Amino acid sequence: MKSALMAACAALALSAPAFAETFAVTHARVLTAGPAGEIADGTVVVTDGKIVAVGKSAAVPAGAKVIDAAGAVVTPGFFVTDTGLGLTEISAVGDDQSASNASVSAAFDVQYGLNPNSILLPVARVAGMTSAVVVPYASGANEGDADEGDEMTSGGGPEGAPAHGLFAGQAAVITLAQGTDILTRAKVAMVVPFGDGGAKLGGGARGAEIVAFKAALDDVRAYARNKAAYDRGESRELALSRADLEALIPVVQGRMPILAQVHRASDIRAVLKLAREENLKVILSGAEEGWMVADEIAKAGVPVVMYPLADRPETFETLNATMENAAKLSAAGVPLAFTYDGVGHRARETRYNAGNAVAHGVPYDKALAAVTINPAKMFGVADRKGSLEPGKDADLVIWSGDPFEPLTQAKAVFIQGVAQPMTSRQLELRDRYKDLSRPLPPAYTH
């Protein structure tokens with residue numbers, strides 16, 4: 001049965017490498033991550049890149065190609081959240097994930113540096129990842145980068161003005177589909193470091209960053225109220241560049257969430273208070289000590305992007321990290337999205353992390369939501385992505401078993417109804433050199 005499934009998927013991939021067509025996946029255990037929940041022996045029908053029917057008795061259109069899943073698991077494509085995919089290859093030789101120009105802080109937009117030919121994208125794709133939330137990071141916010149951070153916050157505004165390198169920039173959602181246009185939606189969140197990282201950018205202390213942050217938002221509101229006066233040079237002195245002022249208008253208007261990078265319980269409380277006072281939409285990122293304030297996060301209606309395996313007191317901000325964090329946040333009613341630890345090369349581990357979260361108390365359906373519909377909702381693409389529902393993009397994966405089990409493999413990946421190549425540079429190199437009796441390339445023989 002498995003070989004027949006693989007043959008059917010391969011045939012569809014060969015027949016439609018560049019465009020979507022009508023097909024149906026039948027006899028599958030469908031985990032929709034939507035209102036329909038789990039459908040045993042279900043059918044998913046796809047036409048022109050969109051899901052048109054999902055159900056136990058969904059009708060298969062005449063002429064549609066049929067993939068008999070033979071009991072295999074079908075899920076929405078998974079999200080990689082909080083990643084540098086498409087922006088970085090080898091971090092030691094630079095990346096497009098941070099800006100060192102202090103006049104382009106909030107205005108820094110990762111969409112313009114995306115590389116659809118990154119060799120890291122297929123690695124994640126063959127592991128069942130179909131979308132990614134790509135985020136910038138604030139150079140100088142990380143431990144040991146104080147000198148670079150000082151440079152980040154020293155220029156760009158009038159002499160003596162408050163530092164305004166408080167913002168890492170704007171995140172984007174991308175598709176991992178093979179092709180040249182991988183941007184799904186730009187400007188989905190404004191990334192802001194808090195805690196130790198924010199303190200480094202804001203003057204060396206947490207209180208300094210909060211005051212500078214509030215002052216920056218006040219500048220944005222003043223600018224938005226009277227752009228004409230700004231153009232005439234008649235407005236009061238503003239610390240931010242015009243580009244940054246424009247980029248932050250959606251934030252102060254509540255249309256763009258802040259992705260607040262925060263770890264310590266007291267810092268989480270400070271961010272929640274800041275959000276209340278400034279009427280901001282917030283998503284917490286990190287929140288290793290979130291379990292200590294889980295009820296407060298839930299009451300505020302704030303979602304959390306987290307690495308569920310974080311359990312080491314690597315810094316004074318994460319002294320109370322525990323692998324029960326995800327379970328306790330979930331039990332409190334906090335929507336979660338799971339990420340991974342490390343660089344983009346390890347993005348495929350997102351699903352393993354979800355499985356570990358289940359092993360440590362997160363209900364299975366909540367863990368599935370954390371890699372599908374939850375990040376889609378958090379970052380404004382749930383109308384297209386994140387669940388198997390009629391009208392949504394046909395981003396789906398056929399798995400050999402439980403997708404949270406490490407030995408399970410993605411047998412087929414479809415993005416917007418197009419069967420994706422199930423290969424990567426690493427797999428090609430493996431296949432090239434596993435049989436040493438084959439003739440070597442000329443460089444090896446001359």
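Trainee: Which residue in E8 stands opposite valine 134?

Mentor: The model is predicted: local features need pLDDT of at least 70, side-chain atom pairs count only at pLDDT 80 or more, and totals for chains, interfaces and linings use all residues. Residues are numbered from 1 along each chain as its sequence is written, and side-chain values use heavy atoms, with hydrogens and water left out. Strands E7 and E8 (residues 169-175) run antiparallel and are joined by four bridges. Within E8, the residue opposite valine 134 is alanine 172.

Trainee: Which residue in E7 is the bridge partner of phenylalanine 78?

Mentor: Strands here are DSSP runs (E, at least two residues), numbered from the N terminus, and two strands pair if DSSP finds at least two bridges between them. E6 pairs with strand E7 (residues 129-134) in the parallel sense, over five bridges. In E7, phenylalanine 78 has as its partner methionine 129.

Trainee: How many of the residues of E7 are buried?

Mentor: Buried means under 20% relative accessible area, exposed means over 50%, and partly exposed lies in between (1.4 Å probe, protein chains only). E7 is largely enclosed by the rest of the structure, because its buried residues number six of six.

Trainee: Which strands stand at the edges of the sheet?

Mentor: Eight strands form an open sheet of mixed pairing, in the order E6-E7-E8-E9-E10-E11-E12-E13. An edge strand has a single partner strand, so one side of it is left without a neighbour in the sheet. The strands in this position are E6 (78-83) and E13 (336-338).

Trainee: What distance does helix H8 reach from its first C-alpha to its last?

Mentor: Helices are DSSP runs (H or I) of at least four residues, and H8 (residues 265-278) has 14 residues. Its buried residues, including Ile268 and Leu272, pack against helices H4 (195-202), H5 (206-225) and H9 (294-300) and strands E10 (258-262) and E11 (282-286). Just after H8, asparagine 279 takes a positive phi of about 55°. The expected span is 1.5 Å times one less than the number of residues, and H8 comes close to that value by reaching 20 Å.

Trainee: How many residues has the largest nonpolar core?

Mentor: A nonpolar core is a set of buried Ala, Val, Leu, Ile, Met, Phe, Trp, Tyr and Cys residues joined through side-chain atoms within 4.5 Å. Phe213, Leu284, Ile297, Phe338 and Phe379 have the most contacts (heavy atoms within 4.5 Å) inside the largest core. Apart from it lies another core of 19 residues, among them Val44 and Leu388. The number of residues in the largest core is 107.
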